[in-house]
Amino acid sequence: MSTDLARWARLRDVLMLQRRETRLLLASVTADSFGTGIFTATSVLFFTTVRGFSVSAVGLAISAGSLCAFFLGPRIGALADRVGPQRGLIVLFGIRAVGYGLYLLAEQYWLFVVLACVVTTADRASPAINQALMGRLFEAKDRATILGTVFSARNGAIVLGSLAATLPVVTGSSALYLVGIGINAASFIVAALLVARLDVPEAEPAAAGEDDKRRGGASPLRDRRYLAITVVNGVAMTHNTILSLVLPLWIVHATSSPKWSLTALLALNGALAMAAQVPVNRMFADFSAALRASALGGVAVCAACLAYAGAGAVGDAWVALAILVVAMLAHTAGESLFIASTPLSFELAPKESLGRYLSFYNLGRVGQDLVGPLLVVGPLVHQGTPVWLLVGVVVLLGGLVPWVLLKDDALAVNGRSAR
C-alpha cells in the first residue's frame, strides 16, 4: 500500500496535480472533449438519417465552416489578446454551447450551414486560446508537461464520449441522438464555468522595441520563422488525416488484414498516445529539443507510411496485420513527437500576443482540414504505394525544416548552453 501511495504521489508531482490551475484545466478539457467525442461519433449519422441531409451536403457545410475558421482564427486570437485568453475562451465556450444547442432546431439546411460555420470557427479557435491561457498560467519548464497532460486527458475523454455514443448509433433512436447533442452543448457550459474559476495573472508587458526587434515584427506574417513552423504544422497534421480518413479505407479495401484490425489498431494508437505524451513532452521540453522532436516526428511518420504501403503489398492476413502494427507504432511515435514540438510555437511568439500567434500557428491544422482530404485521401487509397512514399517524404522533409532553419537560432543555442 505504501508503495502504491508513493507512486501516486510521484505521479501527482510530475503531472502537477497539486496545483489548482492544473486540476481546473484538466476538468474543463475533459468536459469539453467528452461532449466532442459523443458529437463526433454521431453527427454525420444524425444529420443524414434524422435531419435527412445528404452526405455531400453535410460535407459542404463542414468545409464552409473550416473556410470560415481559416480566415477568422487569427482575428479571434488577436481579440483574445486584448480581452485576455480566459475571457476569450469563456466566450468561445458560450458560442459553442449555444451553437451546438441550436443544432437541435436546425431542420432547414440554411440554418445548419450557418451554425456549422459558427461552431466550426469557435471549435478551431478554442485550442489556440486554451494554449495561450496555459502560456499565461505556466512557466516554460512546466508548459511541456501540462500540454502533454491536457492532450492525454482530451484523448481519454473523447474515447469515453465515443463509447457513450454507441447507444444512439446502435439503436438509431432520434431521441437519443438529440440527447447526445444536448450533452455536447452542456459540456461547454461546464467547461466555461471551470475556466472562470481560474486565477490568471496579467500579461507582462514587453520592453519597448525589444520584442519586435528580436522576433522580426508584431505580426506572424512578417516572421519567416513563424511562417515556417506554421506550414510545417500543416504538413505534420497529415498524420491526423491518415489516421481518421485514410486508414479505415486502406485497411478494409487495400490490405488482407482482418477487418476487426481497424478498431484494434485505433485503440492501440489511443492507448499509446495517452501513455506516451507526457513523458515525450518532458523529454523534448526546451526549444532545441523541440526542434529535434519535429525532425524525429518526420522520420517516424515517414517510416509509418512505408509500412502502410508494405501492408498493402502482402497477401497473408496475419503478416499484413503484423506490418500494420509496426506502422501504427511508428505513426503514434510521430504523432507524439510532433505534439512535443509545440513549444516552438510558444517560444517564437511575443508573450503579449500569444493568442494571435498561436491562432496563426493553428492555421496549419485548419489548412490540413481543408485540403488534406482532397490531396491525401483519394490519391493514397487509389494509387497506393507511390503516393504513400511521396507523402512520407513530404512529411519527413517538413519535419526537418524547423531544425534546419532554427538549429543555430539564439533560442536553440541558449537552450543548449543552459544544459
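## Ground rules

Local features here need pLDDT of at least 70, side-chain atom pairs count only at pLDDT 80 or more, and totals for chains, interfaces and linings use all residues of this predicted model. Residues are numbered from 1 along each chain as its sequence is written, and side-chain values use heavy atoms, with hydrogens and water left out.

## The largest cavity

Searching the whole structure turns up two cavities of 30 Å³ or more. (A cavity is a set of points on a 1 Å grid over the protein atoms alone where a 1.4 Å probe fits but cannot get out; lining residues have an atom within 4 Å of a point.) The largest is about 70 Å³, where volume is the space filled by probe spheres set on points joined across faces, edges and corners.

Its lining includes Ile229, Val232, Asn233, Phe338 and Tyr361. Helix α10 (residues 224-236) provides the largest share, four residues; helices are DSSP runs of H or I, at least four residues, numbered from the N terminus. By class, the lining has seven nonpolar, three polar and no charged residues. (Ala, Val, Leu, Ile, Met, Phe, Trp, Tyr, Cys and Pro count as nonpolar, Asp, Glu, Lys and Arg as charged, and the others, Gly among them, as polar.)

## The second largest cavity

This one comes in at about 40 Å³. Ala69, Gly73, Arg124, Leu363 and Val366 are among its lining residues. The lining splits into four nonpolar, four polar and one charged.

## α3 against α17

α3 and α17 also pack together, at an angle of about 160 degrees with axes 9 Å apart. (Axes are lines fitted to C-alpha atoms over the stretch in contact, and angles run from 0 to 180 degrees between N-to-C directions.) The pair is therefore roughly antiparallel, a label for angles over 145 degrees.

The contact (heavy atoms within 4.5 Å) includes Ala69 and Phe70 of α3 and Leu363 and Val366 of α17. Its residues divide into seven nonpolar, three polar and one charged.

## α4 against α8

Helix α4 (residues 85-102) packs on helix α8 (residues 174-196) at about 165 degrees, their axes 8 Å apart. That makes α4 roughly antiparallel to α8. Among the residues in contact are Phe93 and Tyr100 of α4 and Phe188 and Ile189 of α8. By class, this contact has 13 nonpolar, three polar and one charged residues.

Terms used
1 Å grid on protein atoms, 1.4 Å probe; cavity = no way out; pocket = protein on both sides within 12 Å on 5 of 7 lines; lining within 4 Å. Helix = DSSP H or I, 4+ residues; strand = E, 2+ residues; numbered from the N terminus. Parallel < 35°, antiparallel > 145°, perpendicular 65-115°, else oblique.
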